[in-house]
Amino acid sequence: MSARDKILASLRQSLEGTQPLANPFDASLVDKPWRYKPEERITRLKELMTAVHSEVHLTSSQAWPALVCKLLAERAINKLLVAPTTAHGKALANYCKNENSALKLLAYDRPIEEWKRELFDEVPASFTGTLAGIAATGTLVVQPSPAEPRLMSLVPPLHIALLKASQIYDNLYQAQQHWPKPMPSNLLLISGPSKTADIEQVLAYGAHGPKDLIVLLVDDA
Amino acid sequence: MSSQRIPTLDVTAQKLKSNARLSLKDQQLRTNMRSAMDSLISKRLISMPDEDERENLRELGNKIKARALSQLPDLLEQLESNLTKQGIQVHWASTTEEANAIVLNIAQARNAKQVIKGKSMVSEEMAMNEHLTEHGIEALESDMGEYIIQLDNEKPTHIIMPAIHKNAQQVGKLFESRLALPYTDDVDSLIQSARSILREKFFQADIGISGVNFAVAETGTLLLVENEGNGRMSTSVPPVHIAVTGIEKVVANLQDTVPLLSLLTRSALGQGITTYVNMISAPRQPDELDGPEEVHLVLLDNGRSQAFADSELRQTLNCIRCGACMNHCPVYTRIGGQAYGTVYPGPIGKIISPHLLGLENTPDHPSASSLCGACGEVCPVKIPIPALLRRLREENVKSPKQQPQIMAGQGSRYSAKERLLWKGWQYFNSQPLLYKTGTFLATRLGKFTPNKLGPWTQNHSAPKPAKHSLHELAKKHLEKKS
């Protein structure tokens, strides 16, 4: 008998003569306590994300490319990993071209195996879109994709994320109702830069992932 | 105050009593534990200020887990079928030996030399690091706390904060001696040193290992929570990802994870959510540029189906591993996690370890509790831990031969002498004449009872019978009234 059959048989035997319990799920318990007025959503998300060391900038759909360049220049960063095929990637590339920006845009356009060393050692910052935001917990929903692979929001020390205000949901339950179906190979909730409190409960940022997270919150209402 | 970790601590489950005695004398340990637990207790409370919200959610959490367990075999099959369809290979293991063999097979098939590990308590159950090392494969922990204790050849002292018993000076000295780094007790510098060492390890690793917080049957999704990013690194940088988990971690659908996540992160750390929630439903797809080519899930039983067989003990499997019961336990806070000698310490450890290891190997665990009830009160999925401890005490003193045998190692504290004594006590109390004579003599001759009564009087004052029995007092009282 395989381990699988042994385990399943034993569990089934223990349940003999019983019925599965009814589904107790009550959406109001996870939804109602965490509802906000539209204008509160932005305030709450910003407040919570700032409290865990993220930078949140309110900006507009015209102004954000300039803001990216300014924020990077302030940090003396001259390279940025960005997906050239996405709408926001194209917008940023256009802006940089028109402004003759010194910022060098890098693309994640080959399998990781071909440039792992470079990604780990020579990419100071990345820029990605987001699927949604969550006001209740100050969270970004990020879906890695062929254009913006998993490691893009993880390996570079600075991660800049673009979030549209119209895509902020009140809470996780509501956000979940809009997730892609079937589930993508990887889906992430990101609520700040990487951190740890494993030594004496002292909070330290930049444990293994990005040391800094900047959220550009685009007012698209 | 500079007392070191007491070197004679024998970290095996049979040594709980002597370990507890030693740990109680370790002032540094007690200071570190007290301050950490106090802080975790207050953080939890601050994150759950609304009692109604908290209690309703705990009730829901309890019911979601109970429902999942009521259809566990079906959910496991559904999970397996969905994961397989999505390209994740599912393996089953009855024992930790089987689980280790599965992991080793995968590693050897890939000719793996280096394994990097995210945090996984199930891998601790398996002693996976030791097993891989024996076969010439380096297994390195990457969770900061786990990394620290691995450097010091220790076992986790807490399921969420493995190195919480050490302060920054102790970690600084450890890094100085083991990593040849200049001494510092600045936490930021210590973390940055570990980060740069471990980044290179993530880069090199052939395999990444992780645990699972919730396995969602309906969508075939492995959900992992963490703050550091090492879990994401372990599951997306190396070409192979192996997740190991207990069979009780499966939930029916995605929406079930909403209340459970909220309960987990607030109970554990007082956080509304962790920095990362990582949901994995498939390996790298043909059009994707990174992520593991192979993803494996190892489902481990290791005694869980024994707990499952008894409807009361089954509640042990509700556990979502938040650690709140430890943080609130007066025993755990004083002796630390290592004294228990088991992978899972504290209240939850005392009710789960007897299933994993057998009562004969954890004879003192069910009784190492004052039954104060704090653990049951804070448990986010309402496991009645004190009631289960009492139940295990019963199983522990049953005759080893009594049928049916519900637990391996049943009756490890059974004593024929004690059983006879209680039989006598029962007889004495059920025979009116004997009882009357007995109490008459006891109340009259009470002053002659000895002051020393063996082990009892080591911790208690000797019992002195009252001058009058309750019967006599009641009789007198009624006479007076009439």
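Lys117(B) stands opposite Ile209(B) in β4(B). The two strands here are β2 (residues 114-117) and β4 (residues 207-210) of chain B, which run parallel and are joined by 3 bridges. Strands are DSSP runs of E of at least two residues, helices runs of H or I of at least four, both numbered from the N terminus. Two strands pair if DSSP finds at least two bridges between them.

This is a predicted model: local features need pLDDT of at least 70, side-chain atom pairs count only at pLDDT 80 or more, and totals for chains, interfaces and linings use all residues. Residues are numbered from 1 along each chain as its sequence is written, while chains are lettered from A and ligands numbered from 1 in the order in which they are written.

Now the whole sheet. In chain B, 6 strands form an open, parallel sheet in the order β1-β10-β7-β4-β2-β3. β1 (88-93) and β3 (138-141) of chain B are the edges; each has a single partner strand, so one side of each lacks a neighbour in the sheet. Helix α4 (residues 72-85) of chain B lies across β1 and β10 (294-300) of chain B.

Next, the two chains together. 73 residues of chain B are in contact with 59 residues of chain A, contact meaning C-beta atoms, placed from the backbone, within 7 Å. Helix α3 (residues 51-70) of chain B gives the largest share of chain B's side, 9 residues.

Technical notes. Contact = placed C-beta atoms within 7 Å. Axes fitted to C-alpha atoms, helices over the stretch in contact; angles between N-to-C directions.
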